[in-house]
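Here is a short report on one protein chain. Look at the structure first, then read on.

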Amino acid sequence: MGAQWKAKGKELAANAKGKVFGKLAKEIMVAARSGADPASNARLRLVVEQARKVSMPKDTLERAIKKGAGLGGEAVHFEHVMYEGFAPHQVPVMVECLTDNLNRTASEVRVLFRKGHLGTSGSVAWDFDHVGMIEAEPTAAGADAEVAAIEAGAQDFEPGEEAGTTLFLTDAADLYLVSHALPAHGFTVLSAKLGYRPKNPIDPGSLSPAHLEEVEAFLAAIDANDDVQNIFVGLRG
């Protein structure tokens with residue numbers, strides 16, 4: 001599972017495509033608050049590139065930019081909020097939400113955490129590092145991830161979730177600088193975002209199959225909520 005939990009299975013992935021578009025549209029709207037032109041808005045440019053890579057329809061993308069930037073009287077405002085707590089069997093979890101109704105989201109998250117434990121701010125965050133996560137792929141065979149990481153200013157790198165990709169890790173403040181520098185060192189950026197990595201991840205092997213299944217079911221229920229953008233879990237990948 002690693003730092004960021006994602007639903008497994010081809011059927012789940014296929015059914016979730018609309019949800020992926022919805023999450024990206026929210027991120028686009030938030031980024032577009034700082035300007036509707038991707039050329040002069042680095043954060044928006046990265047999210048737009050990610051949306052195009054997953055084939056988000058052009059009209060959906062453009063509508064999200066206009067809403068976020070407040071063009072055409074369609075302004076929508078989302079709040080960013082983090083929830084911290086534990087899944088069943090004391091697995092630490094951080095849940096990132098974007099919502100237009102904080103009261104609704106808080107109420108729904110409380111219900112979702114009934115099978116775990118919802119903590120207060122800081123109760124779990126201390127056990128995670130806030131980092132930049134850049135998923136990239138080599139533009140040509142032979143591109144050296146270690147050299148690219150050093151030259152672009154990344155703190156570390158590791159194999160990405162998809163075969164042939166690399167996950168570059170950065171200081172949170174350096175996310176956009178590193179993502180902009182990587183193409184010059186042989187890597188095409190697929191996605192770039194801020195996230196949380198566990199400092200002391202739990203070995204899934206220490207949980208019984210039944211307990212691990214309970215954790216998965218808990219995470220899947222949270223992921224199904226429309227306001228949830230990302231889930232970061234303290235389990236070793």
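## Aromatic pairs

This is a predicted model. A search of the whole structure turns up 3 aromatic pairs. One of them joins phenylalanine 168 and phenylalanine 187. Phenylalanine 168 sits in strand S6, residues 166–171, and phenylalanine 187 sits in strand S7. The two are 19 residues apart, so the pair links distant parts of the chain. Both phenylalanine 168 and phenylalanine 187 are buried.

Tyrosine 196 and phenylalanine 232 also form an edge-to-face pair. Here the centres lie 5.6 Å apart, with 65 degrees between the planes. Tyrosine 196 belongs to strand S7 and phenylalanine 232 to strand S8. They are 36 residues apart, and this pair too links distant parts of the chain. Why does tyrosine 196 count as buried? Its relative accessibility is 16%, and the cut-off for buried is under 20%. Phenylalanine 232 is buried as well, with a relative accessible area of 0%.

Helix H6 covers residues 145–152. Which of its residues are buried? They are Ala145, Ala148, Ala149 and Ala152. These four cover an arc of only 100 degrees around the axis, so they lie on the same side of H6. On the other side of H6, Ile150 and Glu151 are exposed.

What do the buried residues of H6 pack against? Their partners are strand S5 (156–159), S6, H7 and S7.

## Serine 191 in strand S7

Strand S7 also holds serine 191. Is serine 191 buried or exposed? With 11% relative accessibility, serine 191 counts as buried. Set aside its neighbours within four places in sequence. Serine 191 is then in contact with Gln50, Met133, Ile134 and Glu135.

## The second largest pocket

The second largest pocket has a volume of about 420 Å³. Its lining is made up of 23 residues. Those nearest its centre are Glu27, Arg43, His80, Glu96 and Leu194.

Which element gives the largest share of the lining? S7 does, with 5 residues. Sorted by class, the lining has 12 nonpolar, 5 polar and 6 charged residues.

## Two exposed loop residues

Alanine 39 is placed in the loop between H2 and H3. With a relative accessible area of 65%, alanine 39 is exposed. How far is alanine 39 from glycine 119? The two are 80 residues apart in sequence and 40 Å apart in space, C-alpha to C-alpha.

Glycine 164 lies in the loop between S5 and S6. Its relative accessible area is 57%, so glycine 164 is exposed. Glycine 164 and arginine 110 are 54 residues apart in sequence. In space they are 39 Å apart, C-alpha to C-alpha. Leaving out neighbours within four places in sequence, glycine 164 is in contact with Glu137 and Pro138.

Note on methods: Residues are numbered from 1 along each chain as its sequence is written. This is a predicted model: local features need pLDDT of at least 70, side-chain atom pairs count only at pLDDT 80 or more; totals for chains, interfaces and linings use all residues. Side-chain values use heavy atoms; hydrogens and water are left out. On a 1 Å grid over the protein atoms alone, a cavity is a set of points where a 1.4 Å probe fits but cannot get out, and a pocket is an open set with protein on both sides within 12 Å along at least five of seven lines; lining residues have an atom within 4 Å of a point. Grid points are joined across faces, edges and corners, and a volume is the space filled by probe spheres set on the points. Ala, Val, Leu, Ile, Met, Phe, Trp, Tyr, Cys and Pro count as nonpolar, Asp, Glu, Lys and Arg as charged, and the others, Gly among them, as polar. Buried means under 20% relative accessible area, exposed over 50%, partly exposed in between (1.4 Å probe, protein chains only). Rings of Phe, Tyr and Trp (its six-membered ring) pair if their centres lie within 6.5 Å; planes under 30 degrees apart count as stacked, over 60 as edge-to-face and the rest as tilted. The arc is that of the directions from the helix axis to the C-beta atoms. Contact means heavy atoms within 4.5 Å.
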